[in-house]
Structure formats: structure tokens, C-alpha cells
Amino acid sequence: MFLLWFLLLLQVCVPVRSTSASPSQHHTRVRIIEVEDDYDDINTHTTHSPLAPGLTISRAIRRPCDYDPCAVQTSPCDVISAQTGCLCPGLTGPQERPEPPDLRELRPGSGGGVSVLWCAPRSTVTRYEVSLKDEKNSVQTFGEHLRSGVIPGLKFGQIVCVAAGNEAGLSEQSCTQYEAPQVDHAALSAGVIAGCIGFFLLLLALSVILWRKRTCRKGGMGDAEGLGNPSYSNDGVL
């Protein structure tokens with residue numbers, strides 16, 4: 001009798017467990033599917049947004065400054081760079097002794113003076129000193145922006161030197177000898193040829209004038225002789 005009741009209870013409890021477990025399993029599967037769908041959706045919509053215009057990195061190409069080391073500078077290169085953003089040539093600092101300038105030319109000027117022309121070095125310069133070699137009393141000082149100076153009374157054969165200076169001292173000298181201006185042989189030859197041609201044309205013109213004058217004189221003398229001949233008259237031959 002006790003065994004019969006136990007079997008009846010077992011048959012009633014088993015369906016209840018199966019029916020109560022199935023909803024939980026179904027609910028668990030639905031939750032898993034929803035989580036997986038949400039994760040995939042996030043991955044699907046994940047994109048790389050472009051950089052904002054304000055965060056775009058750009059490098060502007062800076063050009064060299066319009067700087068001629070051989071021309072007179074109305075404004076220093078660093079001032080031009082600050083105004084335009086250009087690049088100045090590399091210069092050594094004021095605490096370093098400058099490199100020597102490049103003495104380009106000695107050019108005869110007006111009033112008996114000679115112009116000395118030079119180019120600036122790639123150094124910080126505060127002054128230029130122009131002098132005659134081995135003559136200490138002949139030193140002339142010029143400003144840092146100048147590229148020429150005049151030496152009065154310079155003679156042929158004398159040696160002129162230019163040095164650059166700053167707080168650290170003077171550079172080595174750049175020197176050249178003042179020589180007599182060379183004759184332009186091409187121009188001289190052209191002048192001689194032009195003179196010869198002009199002289200030849202002048203002789204030709206004088207010859208033509210004399211020939212015409214002599215021809216006219218002969219014609220006049222012939223007419224005078226014909227009028228003075230007594231063998232001819234208005235009535236015929238005598």
C-alpha cells in the first residue's frame with residue numbers, strides 16, 4: 001500500500017518539474033540571443049570618424065628669404081623672417097668669431113677714390129673694417145648692413161683688406177691687390193676698324209668732290225673758247 005502511494009506521487013512530480021524547467025531554459029536561451037545580438041550590433045556600427053578640421057596636421061613649406069649677401073641690406077634678415085616667415089641662411093652666433101667676408105672687386109670711382117666691394121659671411125657681424133695691408137693707420141670702419149666703402153688716394157699695387165667683426169673679435173682678412181684697369185682689346189680693335197672705315201669714306205667723298213669740280217671747270221673753259229673764235233659769226237663762215 002505504501003509502495004502504491006509512492007509511485008503515484010512520483011508520476012505527479014516528474015511532469016511538474018519538466019514543465020517548470022522548460023520555461024527557465026527557454027528564458028535563458030532568449031537572454032543569450034539578445035546579448036549576442038546587441039554585441040554584434042555594436043560591432044556593426046563601430047566606424048572610424050574622420051579627424052576634425054581643427055585637428056588636421058599640416059606642414060607649410062617655408063621658402064628662403066630674399067637675401068643677397070653681396071647687396072646693401074636695408075633690413076636685417078631676421079626682421080624679414082619675422083615679417084614673412086621665410087628662412088634666413090644659417091649664421092654663427094655673436095659669441096663666435098665671424099668668418100672672413102668675400103672681397104669681390106676694387107672699382108675706380110669719382111674724385112680719385114676707389115670703391116671696395118665685398119659680400120657678407122655666414123656669421124653675426126656688427127661692423128666691417130677696410131684697411132691697407134701692413135698700414136695700421138689706414139683702417140676705416142663701416143656698418144654691418146653696408147657692402148662697399150671708398151678708399152681715397154689708392155695707388156696701383158697697394159693691397160686692400162676687409163675683415164668682419166663682432167663681440168668675439170675680428171675675422172681673418174680678405175685681401176686683393178689694386179691693379180690698373182685692363183684695356184679692352186676687343187673694344188680697341190673695334191674703334192680702330194671704325195676709324196679706318198670712316199677715314200676711307202672721307203677720302204672717297206673728297207675724291208668725288210674734286211673730280212666733279214675739275215669736270216665743271218673743263219666744261220666752262222670749252223664754252224669760253226668757242227665764243228671767242230673769229231672764224232665763226234652769225235652770217236656763216238668767213
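**Reading a predicted model by its cut-offs**

Visitor: Why does Ile193 count as exposed?

Guide: In this model, which is predicted, Ile193 has a relative accessibility of 52%, and since the word exposed is kept for values over 50%, Ile193 counts as exposed. Ile193 has its place in helix H3, which covers residues 185-227.

Visitor: What makes the nonpolar surface patch of about 590 Å²?

Guide: The patch is made by Ile193, Ile197, Phe200, Leu201, Leu204 and Val208.

Visitor: Why does Asp102 count as partly exposed?

Guide: The relative accessibility of Asp102 is 45%; buried would require a value under 20% and exposed one over 50%, so Asp102, with its 45%, counts as partly exposed. Asp102 lies in strand S1, and, leaving aside neighbours within four places in sequence, Asp102 is in contact with Leu117, Trp118, Cys119 and Ser174. As for Leu117, which is 15 residues away from Asp102 along the chain, the two C-alpha atoms are separated by 8.7 Å.

Visitor: Why is Ser171 called buried?

Guide: Ser171 has a relative accessible area of 5%, and because buried means under 20%, Ser171 is buried. Ser171 lies in the loop between strand S7 (169-170) and strand S8 (174-177). Not counting residues up to four places away in sequence, Ser171 touches Arg97, Pro98, Glu99, Pro100, Pro101, Ala163 and Ala164. Over the protein chain, 17% of the 238 residues count as buried.

Visitor: Is Asp134 buried or exposed, and what phi does Asp134 have?

Guide: With a relative accessibility of 75%, Asp134 counts as exposed, because the cut-off for that word is over 50%. Asp134 has a positive phi of about 65° although it is not a glycine, and its place is in the loop between strand S3 (127-132) and strand S4 (135-143).

Visitor: How do you know that S2 and S5 pair?

Guide: Two strands pair if at least two bridges are found between them, and strand S2 (residues 113-119) and S5 have five bridges, in the antiparallel sense. Within this pairing, Val116 stands opposite Gly149 in S5, while Leu117 stands opposite Ser148 in S5. S5 has a covered face with Gly149 and Ile151, and an uncovered one with Ser148, Val150 and Pro152.

Visitor: In what order do the three strands form the open sheet?

Guide: The order is S1-S2-S5, and the pairing is antiparallel. Strand S1 (102-108) and strand S5 (148-152) stand at the edges, each with a single partner strand, so one side of each is left without a neighbour in the sheet. Neighbouring strands of this sheet are turned by 25° against each other on average, direction ignored.

Visitor: How many helices and strands does the secondary structure of the protein chain come to?

Guide: The chain comes to three helices and eight strands, and from the N terminus on these elements run α-α-β-β-β-β-β-β-β-β-α. Among contacts between residues at least 6 apart in sequence, 55% join residues at least 24 apart. The chain exposes about 19000 Å², of which carbon and sulfur atoms supply 60%.

Note on methods:
Residues numbered from 1 in each chain as written. Predicted model: local features only at pLDDT ≥ 70, side-chain atom pairs only at ≥ 80, totals over all residues. Heavy atoms only, no water. Helix = DSSP H or I, 4+ residues; strand = E, 2+ residues; numbered from the N terminus. Axes fitted to C-alpha atoms, helices over the stretch in contact; angles between N-to-C directions. Buried < 20%, exposed > 50% of the residue type's maximum accessible area, 1.4 Å probe, protein only. Contact = heavy atoms within 4.5 Å. Areas by Shrake-Rupley, 256 points an atom, 1.4 Å probe, with all protein chains shown as cover. Patch = residues over 30% accessible without salt bridge, like charges linked within 9 Å, V, L, I, M, F, W, Y side chains within 5 Å. Salt bridge = Lys/Arg side-chain N within 4 Å of Asp/Glu carboxyl O.
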